[in-house]
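Thank you all for coming; please have the display open while I talk. I would like to walk through one chain.

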Amino acid sequence: MQRKAYVPGVAALLAALLAGCSSSSDDGGPTDDSNPGDAGTVTAAAQPGRYDALPEACGAVGRSTLDSLLPGIVQIPDEARREAAYAGQATLTFDTDRKAGCRWKVDSTDAIDHLSVDFERVVSYDNAVSDDSQAETLFAGKVTAAGLPAPTASRPAGVATTASGGTTAAPSASSSSSPSPSPSSASASSSSVSGSASPSPSTSASASADLKSRLLDDLGDEAFVDDVLASSGSTAKQRTVTVVFRTSNVIVTIEYEEQATSLGVVPDSKEMQDNARKLAAQLADSLAG
């Protein structure tokens with residue numbers, strides 16, 4: 001029987017290959033499953049938001065606050081009904097760690113009052129976008145929906161706002177064409193103003209401007225108040241004040257609505273805004289811990 005011929009070159013090649021593998025393993029070189037091109041490359045995930053849970057909404061508003069916003073609640077004679085009014089009605093939600101809310105409605109001799117408080121915890125599912133950034137985007141959408149402008153830089157001194165929303169240079173005192181009043185006429189004018197008990201039109205206009213829908217800079221990371229007066233039916237006036245603020249990845253919405261029961265009575269804007277903003281400040285403090 002004929003034997004196969006032995007090929008010395010093949011044996012030498014196999015020995016060289018085995019020696020090379022052994023050398024790369026011993027000197028710490030890369031193994032077969034390593035990828036030198038990806039060494040040191042790390043994808044940084046966006047930071048999660050501060051909050052991973054929400055408070056219980058119906059328990060977030062104290063009784064004294066409900067007494068202020070819903071004055072008819074203390075007028076309820078039946079104790080069981082009064083306790084139910086204080087308890088409120090929880091908003092239906094399938095994930096209380098993401099959304100939570102509560103509603104109250106109370107009638108009084110003077111008005112029908114509604115109050116709602118809603119919490120939303122924003123979570124970003126994009127590794128490149130943080131929870132806070134996602135919440136900031138959602139909040140900006142709410143600002144736009146309310147018809148409010150985005151925050152802008154401070155306007156330079158001497159620049160006035162026109163009725164159309166543009167700006168124009170405010171006239172200086174030296175450029176005014178009207179002559180300056182004489183000392184006697186100025187004194188008489190001053191005496192007339194100081195003796196008047198009614199506010200001037202400019203004062204009333206300033207007070208009205210202070211109560212318009214606007215951005216707020218003293219609540220959470222960012223906030224705004226929206227004030228809308230609407231007619232319900234033919235005569236009754238209904239005012240809705242909405243305060244929305246964001247703190248980290250949580251957005252809180254307070255909606256306070258009042259409809260007067262007497263004809264011709266308009267719910268007071270300042271009082272409603274003050275009450276809603278006070279509640280918002282309390283909720284922001286409780287979230288801050």
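Predicted model: local features only at pLDDT ≥ 70, side-chain atom pairs only at ≥ 80, totals over all residues.

Residues are numbered from 1 along each chain as its sequence is written, and side-chain values use heavy atoms, with hydrogens and water left out.

The chain comes to seven helices and nine strands, where helices (H or I, at least four residues) and strands (E, at least two) are DSSP runs numbered from the N terminus. Of its 289 residues, 27% count as buried, that is, under 20% relative accessible area with a 1.4 Å probe and protein chains only, where exposed is over 50% and partly exposed lies in between.

Now the strands, which pair if DSSP finds at least two bridges between them. β2 and β3 form a hairpin with three residues between them, and they pair in the antiparallel sense over nine bridges, with Gly101 opposite Asp118 in β3. β3 also pairs with β9, again in the antiparallel sense, over eleven bridges, and there Phe119 has Val252 of β9 as its bridge partner.

Which residues touch the most other members of the largest nonpolar core? They are Leu115, Phe245 and Ile254, out of 37 residues; such a core is a set of buried Ala, Val, Leu, Ile, Met, Phe, Trp, Tyr and Cys residues joined through side-chain atoms within 4.5 Å. Among the elements that each supply at least two residues of this core are α2 (63–69), β3 (111–121) and α7 (269–288), and the largest share, seven residues, comes from α7. In soluble globular proteins, nonpolar side chains tend to be buried together. Apart from this core lies another, of eight residues, including Phe139 and Phe224.

Two local details remain. The charged end of Arg63 sits over the ring of Tyr86, 4.3 Å from its centre; the criterion is NZ of Lys or CZ of Arg within 6 Å of the ring centre and within 35 degrees of the ring normal. Ser248, in the loop between β8 (236–247) and β9 (250–260), has a phi near 55 degrees, a positive value in a residue other than glycine. Most residues other than glycine have a negative phi. Ser248 counts as buried because its relative accessibility is 8%.
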